[in-house]
Amino acid sequence: MNWDDVKIKVQYLTPKHALSRLVGAFAAARAGVFTQLFIRWFIWKYNVDMTEAVEESPKAYKTFNDFFTRYLKADLRPLNATEAHQFAHPVDGAVSQLGPIKDGRIFQAKGHDYSLTELLGGDPRDAHAFKNGEFATIYLAPKDYHRIHMPCDGVLRKMIYVPGDLFSVNPLTAANVPNLFARNERVVAIFDGEFGKFSMVLVGATIVASIGTVWAGTVTPPTGKHVHSWEYPASGDQAIRLKKGEEMGHFKLGSTVVLTFPADTIDFDDDLGPLSVTRMGQVLGERDD
């Protein structure tokens with residue numbers, strides 16, 4: 001058994017929910033010098049570029065969560081996907097995988113794929129629009145900016161909380177844990193766009209303290225044992241409309257976003273592939289007309 005095998009085995013044995021909630025409690029606490037020491041260690045450990053942050057000094061952050069969800073300076077992530085036919089990268093991160101959804105299955109890593117229906121919470125009606133469409137899976141490393149933005153204009157129609165495990169979502173785990181993104185805790189947001197529906201799946205992971213959205217605040221924790229869903233109107237004063245580039249959610253401690261689109265909707269940028277670095281606002285792809 002090699003060291004990578006040991007790391008995977010430890011994840012199966014670790015009480016991941018309890019650990020994540022414990023870390024989450026500390027991340028939310030105003031622990032004074034302990035918070036400051038941890039923030040400074042984290043910056044050093046993960047080589048976080050604080051010159052990009054609105055507040056560059058670690059002293060500006062009273063909790064670790066405040067630091068982790070820090071805002072970036074306004075001019076550093078311009079929306080370059082300005083044309084109506086262009087889709088924008090929703091996050092800073094790196095592409096894990098992207099490509100076609102084949103017969104309702106999404107590619108995870110060599111030897112592993114998973115069910116689109118399971119990813120979206122188990123209702124085949126939610127998955128139907130994307131059955132033979134396209135997907136992009138983007139991994140957010142600890143050093144990255146952890147606010148999530150819209151790839152295109154959309155009207156929110158449904159949010160789904162799906163309980164699950166909290167495995168790490170790093171590349172090693174993705175290559176070794178079957179069904180990873182459809183087994184971890186997640187929040188699914190399904191939108192109507194000009195071209196049809198699209199979904200954004202915010203996947204939890206080990207020590208992810210919470211997942212939140214701009215319309216509902218913190219969705220998890222608390223966690224539960226059952227799938228919960230909320231539906232939203234398509235029009236009227238209560239409709240939730242978000243423009244391309246607008247913030248739609250956040251992670252407190254990092255994770256992964258999975259995007260799904262209907263068939264014949266998006267042509268991903270030719271330069272994108274596994275391990276491609278992404279920057280929020282850059283061109284993800286163009287309408288497949």
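This is a predicted model: local features need pLDDT of at least 70, side-chain atom pairs count only at pLDDT 80 or more; totals for chains, interfaces and linings use all residues.
A residue counts as buried here when its relative accessible area is under 20%.

Side chains of opposite charge can pair when their charged atoms come close. That is the case for Asp 126 and Lys 158, whose side chains meet in a salt bridge at 3.0 Å, N to O. The two partners come from distant parts of the chain: Asp 126 belongs to helix 6 (residues 124–127) and Lys 158 to strand 7 (residues 154–162), 32 residues apart.

How many salt bridges does the structure hold? The count is eleven.

| Salt bridge | N to O distance |
|---|---|
| Asp 126 and Lys 158 | 3.0 Å |
| Arg 147 and Glu 247 | 2.7 Å |
| Lys 243 and Asp 153 | 3.8 Å |

The side chains of Arg 147 and Glu 247 form the second bridge in the table. This pair also links distant parts of the chain, with Arg 147 in strand 6 (residues 147–149) and Glu 247 in strand 14 (residues 247–252), 100 residues apart. Arg 147 counts as buried because its relative accessibility is 10%, which falls under the 20% limit.

Next come Lys 243 and Asp 153, whose side chains meet in a salt bridge too. Lys 243 sits in the loop between strand 13 (241–242) and strand 14, while Asp 153 sits in the loop between strand 6 and strand 7, so the pair ties together parts that are 90 residues apart in sequence. Is Lys 243 buried or exposed? With a relative accessible area of 53%, Lys 243 is exposed. Asp 153, at 32% relative accessibility, counts as partly exposed.

Salt bridges can also join up into a network, as they do for Glu 52, Arg 77 and Asp 92.

**Aromatic rings**

A pair of aromatic rings is described by the distance of the centres and the angle of the planes. The structure has 19 aromatic pairs. In one of them, Phe 42 and Tyr 46, the ring centres are 4.7 Å apart and the planes stand at 50°, so the pair is tilted. Phe 42 is buried, with a relative accessible area of 6%, whereas Tyr 46 is partly exposed at 31%.

Phe 64 and Phe 67 make another tilted aromatic pair, at 5.4 Å centre to centre and with 55° between the planes. This pair belongs to helix 4 (residues 64–68), where Phe 64 and Phe 67 are three residues apart and so separated by about one helical turn. Phe 64 is buried at 2% relative accessibility, and Phe 67 is buried with a relative accessible area of 0%.

Both pairs are part of one aromatic cluster, made up of Phe 38, Trp 41, Phe 42, Tyr 46, Tyr 61, Phe 64, Phe 67 and Phe 68.

**Charges over rings**

Which residue lies over the face of Phe 67? It is Arg 70, at 4.7 Å from the ring centre.

**The surface and the whole chain**

On the surface, Phe 26, Val 33, Phe 34 and Leu 37 form a nonpolar patch with about 410 Å² of accessible area together. Helix 3 contributes the largest share of the patch, three residues. Val 33 is found in helix 3 and counts as exposed because its relative accessibility is 52%.

Stepping back, the protein chain contains eight helices and 18 strands. Of its 289 residues, 50% are buried. The accessible surface of the chain comes to about 13,500 Å², and carbon and sulfur atoms account for 53% of that area. Among contacts between residues at least 6 apart in sequence, 76% join residues at least 24 apart.

Key
Residues are numbered from 1 along each chain as its sequence is written. Side-chain values use heavy atoms; hydrogens and water are left out. Rings of Phe, Tyr and Trp (its six-membered ring) pair if their centres lie within 6.5 Å; planes under 30 degrees apart count as stacked, over 60 as edge-to-face and the rest as tilted. Buried means under 20% relative accessible area, exposed over 50%, partly exposed in between (1.4 Å probe, protein chains only). Helices (H or I, at least four residues) and strands (E, at least two) are DSSP runs, numbered from the N terminus. A charge sits over a ring if NZ of Lys or CZ of Arg is within 6 Å of the ring centre and within 35 degrees of the ring normal. Patches are made of residues with over 30% relative accessible area and no salt bridge: like charges are joined within 9 Å, nonpolar side chains (Val, Leu, Ile, Met, Phe, Trp, Tyr) within 5 Å. Accessible areas come from the Shrake-Rupley method with a 1.4 Å probe; for residues, only the protein chains shown count as cover. A salt bridge is a side-chain nitrogen of Lys or Arg within 4 Å of a carboxyl oxygen of Asp or Glu. Contact means heavy atoms within 4.5 Å.
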